[in-house]
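Here is a friendly walk through one protein chain, from its overall make-up to a few single residues. Please keep the 3D view open as you read.

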Amino acid sequence: MLPDKEIKKKYKPIFWKNPEKYYATQVLKEEGFARAFCKKCKKPFWSTVQREVCGDPACSGEGFAFIGKSPAGNTLAYVDIWKKFSSMFERFGYTPIKRYPTVARWNPTMEYTNASIAAFQPYVISGEVEPPANPLVIPQVCLRFADTDNVGITMSHNTGFVMIGQHMFVAPEKWNQNEVFRHMLQWNLKGLGLQKKDMAFHEDAWAGGGNLGCCMEMFSKGCELWNQVYMLYEQTPSGVKDLKIKVLDMGLGMERNAWFAQGAPTIYDATFPHVLKKLRSSTGVSYDEKTLQKYTPYASLLNNDETEDMDKAWKTVASHMKMDVKALKEFMLPSAGLYSVAEHMRSILFVLNDGGLPSNVGGGYNLRMLLRRSFGFIDKYHWDVDVKEVVEWHAEDLKKMYPELRENLADVHKILDAEKIKYENTKQKTQKIIAGLKEVKMQDLITLYDSQGISPDMIPGVKAPDDFYARVSERHEQKEQKAATHKTEVAVGNVQDTKALYFEDYKLTRFKGKVLKIKGDVVILDQTAFYPTSGGQLHDLGTLQGCAVEEVWKQGALILHRVKNISFKEGDAVEGKIDRERRIQMAQHHTSTHIINAAAKRVLGRHVNQAGAFKDVDKARIDITHFESLTEEEVEKIEKEANAIVSQSIPIEKKFYSRNEAEQKFGMEIYQGGAVPGKLLRIVNIKGVDVEACGGTHLDNTKEAELIKIIKTTKVQDGVIRLVFAAGKAAREEVKESADVLAEIAQLLHCTKEQVPGRAEELFTLWKDVVKKKKNASRKLVSLSVYHGDVLAETARMLKTQPEHVLKTVERFLKEIGM
């Protein structure tokens, strides 16, 4: 398979040689457009006026020629772009749908949504799953961090933006390229109020995600307003093949269209003018519209992706503006900082609202980078700016399009407070860390930022390269995979799919099946109730026709059993018996994982999501996303809330839905454990508490979990907290073991308060012996054992009659003594 760049290069001549086949030439000719070839880039383009070059500013040399003099007849505010577009396309027969989250948990290929088509990858594009509507339009919020350094400088770049998507997924015989192109032409004419003479359409090729097709780019006055991609082919190891369905993927930059329609000095002034007005008021940064109108047409020269000598580029821009370089920078750099804070905090608002968290790993690293870049600008220019207020302003600005942003501001504020504290702590340690550095090289800067969070702005006398944050971002583009299940594939030939019986009844521990295949010690049945290791849950144990089943796992649609001393043959009917006690314990742990996840969300905030899980017999664990380590009080609240859910005897519905039906009925939060393949999703619905796509064995009612006991919590990585817990019988045994330990301590310390001080050394020695037996016992009990022996003596007496309350009793005494 060729890289995207190479496959595009290969197919451009093919597309260009036969434009009638690959582009909407019928409509273009009917509307008076003629085809020509650009003398500079050699790309074919269509225009109603005779011109030697295409509409790309790199060829025309005119830059953004719409600043202050937009040819658009309709001046549209930012939110009015979507309002007008969706209304127009609804009349054309498209269904407007809500945006998907920026955190792409449903998509196994990415961490953050980076294009409108990503909402439908990979299953809709492959034809495996029906789209939520067809055709459709969507105002999809997208994130791309590669342009971070350009934000506020080029006046045209964003890290977060809305890509309005026009999408269609149809069989080849229903494909009508001319019609969908005509719809976009109507947007130009009626939506923006453009005249044909101000339009230029460029023939091009597109490749990405293993797919390939032709596309038509639309330019006006140096600004690319949209790109209509016709996804026709897929790359395979054996070559390029036709897609089973043809996919329309038009992306329209909402920010760019608003900017173009208004002719505003910058894309930011067109997108969030009210936020900028408030920021300028609080910072004193001046706004000079005329200077910005002169600067922005040449600002693309400062694009760090394309400029090798940035100092020279600044001189060129200053020369065009007839200004001194120093004076230009003194005016522009504070404005660039202001624009960056406004832009970055809008991106942060969307991601935090959608459940993302800043951290020092994975994609969360990029979020922290945006925050710290914003904090850095605020510190550098000594601005009195509270980023919590900035996100509030954005939420208010966007309430008509995205009302959900205002609903979760309290959680967003908590996360921002935690990040500000971490940033301030980093500043305090910076001087100590850099004191020993004699010379700071580029790699040192990246390492310092990567490992310590120290940005170049914090180091006196150091100038960071203009693409510093782009280089940092490159380190953290790969998504981390947690709690994945891997197994070496067994060659079994052509065998029919295994029917899984464990979905229907978790108490089903006896069943009959037919042996379809035996390969060594591996057995495949036509149906089985044995649960295979998956989703972080270990497999069942038991027997097949009296032979021990030692391991069970999935291979595609097959369930494989590793069986010891096989006594049956292919074609035989066999009886399966599953270890009932183990099965019930596993179901208690799996359902309790969902319950704890919901309880943690209630206690800590909506940002909590599952980041991994593992269920065994004696205990289980769930990793949740959270921005700081849990306090003992928070752990107690989560445990209390979880057991309240248990005691409420809530029915648990387990049902299969089509992917579309599940997403539309329950929302995208069903993807707690990550991306789930397939047309059908099994939804586990603890009604009013938690809804997740999950294939595990689950209880029928929360009361069947009996008891949930959180054993310990640890921070496994930045932004991820692990809760180890037990449920049911395992929880009762855990409580009993804790009670036994406390009873032993109490027995050792059965003395009066007056006797305790004199026996301190002896008691500490005895305590150490106890701790060896129970390593996760609370260290706070050391102090309790020495200074409050009488309390433990009372606890010992209580243990005889009420062992289940012992931990609450100890906690009460701890609070009384202020610990």
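What share of the 819 residues in the chain is buried? Buried residues make up 55% of them, where buried means under 20% relative accessible area, exposed means over 50% and partly exposed lies in between (1.4 Å probe, protein chains only).

A word on the source: this is a predicted model, in which local features need pLDDT of at least 70 and side-chain atom pairs count only at pLDDT 80 or more, while totals for chains, interfaces and linings use all residues. Residues are numbered from 1 along each chain as its sequence is written, and side-chain values use heavy atoms, with hydrogens and water left out.

**The chain as a whole**

The secondary structure comes to 26 helices and 24 strands; these are DSSP runs (helices H or I, at least four residues; strands E, at least two), numbered from the N terminus. Of the contacts (heavy atoms within 4.5 Å) with a separation of 6 or more, 68% join residues 24 or more positions apart. The chain exposes about 36,200 Å², and carbon and sulfur atoms supply 48% of that area, by the Shrake-Rupley method with a 1.4 Å probe.

**Inside the protein**

A nonpolar core is a set of buried Ala, Val, Leu, Ile, Met, Phe, Trp, Tyr and Cys residues joined through side-chain atoms within 4.5 Å. The largest one has 124 residues, and F85, W187, F201, W226 and Y295 have the most contacts inside it. Helix α12 (residues 325-353) gives the largest share of this core, 14 residues. Leaving out residues up to four places away in sequence, W226 touches partners including F181, M184, W187, F201 and M250. Apart from this core lies another, of 36 residues, with F120, F169, W206 and V229 among them.

**Two crossing helices**

The axes of α12 and α14 (residues 387-397), lines fitted to C-alpha atoms over the stretch in contact, with angles from 0 to 180 degrees between N-to-C directions, come within 9 Å and cross at roughly 75°. Therefore α12 is roughly perpendicular to α14, a term for angles of 65 to 115 degrees. On the α12 side the contact uses A342, M345, R346 and L349, and on the α14 side V387, V390, V391, H394 and A395.

K400 sits in the loop between α14 and α15 (404-407), and E551 lies in strand β15 (residues 547-555). K400 counts as exposed because its relative accessibility is 75%, whereas E551, at 24%, is partly exposed.

| Pair | Apart in sequence | C-alpha to C-alpha |
|---|---|---|
| K400 and D80 | 320 residues | 10.0 Å |
| E551 and V522 | 29 residues | 9.3 Å |

Technical notes:
Parallel < 35°, antiparallel > 145°, perpendicular 65-115°, else oblique.
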